[in-house]
Amino acid sequence: MHEKKKDKKGLSPWLAAVLDLLLAGGILLVFTFFQLVLPALRAAPVEAAPTPAPPSPTPEATQEPDTRTEWQKKFAAHFTDEPVWTENSYTSPNVSIQLETRTLGEGSGQTVYHVADIYVGSLDNICTYTANNELKYYSTQDAMEMDEASGALLAISGDFYSYQKSGFLIRNGEVYSTEYAYSSVCVMFYDGSIEVYPQDGYDIDALMERGIYQAWSFGPPLLDEEGKTFESYNVSTTVGYPNPRSAIGYYEPGHYCFVVADGRQEGYSKGLTVWELAGIFEGLGCKSAYNLDGGGSALMTFHHQRYSRQSNGADRELGDIILIRETEAGA
Amino acid sequence: MKWIRRALPHLTIAFAIALLTVAILNEFNPRMGFLQGRPALVLICAACLCAAACGAVLYSRDRREK
């Protein structure tokens with residue numbers, strides 16, 4: 001009787017559950033293949049990307065030598081005639097970097113973060129470098145290799161553009177994607193100014209007409225139009241928790257700052273919430289600031305050494321970095 | 001037809017588990033865009049179709065039993 005019943009019912013519930021899980025695993029494998037593997041195999045190199053934006057649509061940007069002179073004159077007090085390295089600074093005729101490591105909180109709740117105050121003589125001194133020097137989906141490279149290859153004096157992790165299929169993403173004037181994704185953006189124009197926009201607060205075509213040097217897509221924007229923290233931030237719960245952070249701040253054309261917070265390292269540094277990070281930028285007096293890819297990616301390098309402590313044992317490859325470098329004129 | 005009716009609940013469970021996994025991964029790393037693009041759309045549609053078919057089969061069986 002019992003056997004008859006079992007035959008009628010077919011598989012035992014446990015076996016059925018295992019088979020269901022295996023089936024789900026199979027579906028996930030197929031999904032992974034079409035979602036991640038196939039696009040990576042098909043991904044076109046840089047030349048297949050849409051035509052890059054014209055480099056200088058504004059009258060100011062077309063006269064690069066004038067701009068360079070302007071910034072060098074304006075920030076002359078920060079530059080030196082010869083390159084000078086110290087443990088926490090670098091100055092030259094074209095670049096000034098002052099690094100400072102600070103702590104927020106005390107004891108087990110403390111967070112260590114690094115602030116880089118940056119003056120540059122020309123826009124060429126601040127740029128981005130993408131993994132393997134290509135604009136390609138899923139392309140990653142060891143952070144220190146990127147640091148070496150780009151000739152960075154100072155670098156921080158970017159927005160991991162290569163793990164993003166869509167969004168407003170431009171690197172050194174080259175377009176990776178102008179397909180709208182529901183994401184905030186940070187835009188650097190050819191006059192050196194930086195503007196940040198919330199998810200629904202920008203028109204890609206209108207921005208493209210102004211000519212864009214860099215467009216990062218991660219967020220959220222950290223400061224409002226008056227340079228104050230927002231009352232609330234549109235972030236998922238996991239992103240809002242204390243985490244290692246990487247962010248860029250803007251004072252005026254030619255004057256920027258990078259902030260990288262160490263985190264997820266018990267007894268050394270907990271990490272920052274988005275609110276705490278925004279508070280730091282407000283305290284620094286930045287006009288605007290933008291959160292970049294943090295977590296295991298958050299990293300600052302200086303003089304080809306790791307300046308911050310990456311949380312995952314420094315083994316995560318990155319998609320891109322933002323860096324300060326010497327140009328031939330300033331070297 | 002009978003084997004379809006027997007396989008439908010299992011397919012529905014499997015699609016549901018797969019979809020939940022993708023949704024959780026997307027929550028932890030939204031920048032990867034797991035729920036964007038055609039594969040995600042196909043997965044969602046397949047899960048919905050299976051669920052709808054499963055529901056229809058259950059409903060008709062329930063009516064017959066009554």
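Buried residues make up 20% of the 66 residues in chain B; "buried" here means that 20 or more other C-beta atoms lie within 10 Å of a residue's own, "exposed" means 12 or fewer, and "partly exposed" is in between, with C-beta atoms placed from the backbone. Keep in mind that this is a predicted model, where local features need pLDDT of at least 70, side-chain atom pairs count only at pLDDT 80 or more, and totals for chains, interfaces and linings use all residues. Residues are numbered from 1 along each chain as its sequence is written, while chains are lettered from A and ligands numbered from 1 in the order in which they are written.

**Chain B**

- You'll find 2 helices and 0 strands in chain B; helices (H or I, at least four residues) and strands (E, at least two) are DSSP runs, numbered from the N terminus.
- Chain B has a radius of gyration of 15 Å, well over the 11 Å that the globule rule gives for 66 residues, so it is more spread out than a compact globule. The radius is taken over C-alpha atoms, and the rule is 2.2 Å times the number of residues to the power 0.38.
- Its C-alpha trace spans about 50 × 20 × 15 Å along the principal axes.
- A46(B) sits in helix α2 (residues 38–65) of chain B, and is partly exposed, with 18 other C-beta atoms within 10 Å.
- From A46(B) to Y59(B) is 13 residues in sequence and 20 Å in space, C-alpha to C-alpha.

**Strand β4 of chain A and its partners**

- Strand β4 (residues 111–120) of chain A has 9 of its 10 residues buried, so it is largely enclosed by the rest of the structure.
- Strand β3 (residues 95–104) of chain A pairs with β4(A) in the antiparallel sense over 10 bridges; two strands pair if DSSP finds at least two bridges between them.
- T101(A) has H114(A) as its bridge partner in β4(A).
- H114(A) in turn has V260(A) as its bridge partner in β13(A), and 7 bridges join β4(A) to that antiparallel strand, β13 (residues 255–261) of chain A.
- The hairpin of β3(A) and β4(A) has 6 residues between the strands, and there G105(A) takes a positive phi near 85°.

**An open sheet in chain A**

- This sheet has 5 strands in the order β5-β17-β6-β15-β16 (chain A), with antiparallel pairing.
- At its edges are β5 (126–130) and β16 (305–306) of chain A, each pairing on one side only.
- Strands β6 (residues 152–157) and β17 (residues 320–325) of chain A share 5 bridges in the antiparallel sense, and the partner of S157(A) in β17(A) is I321(A).
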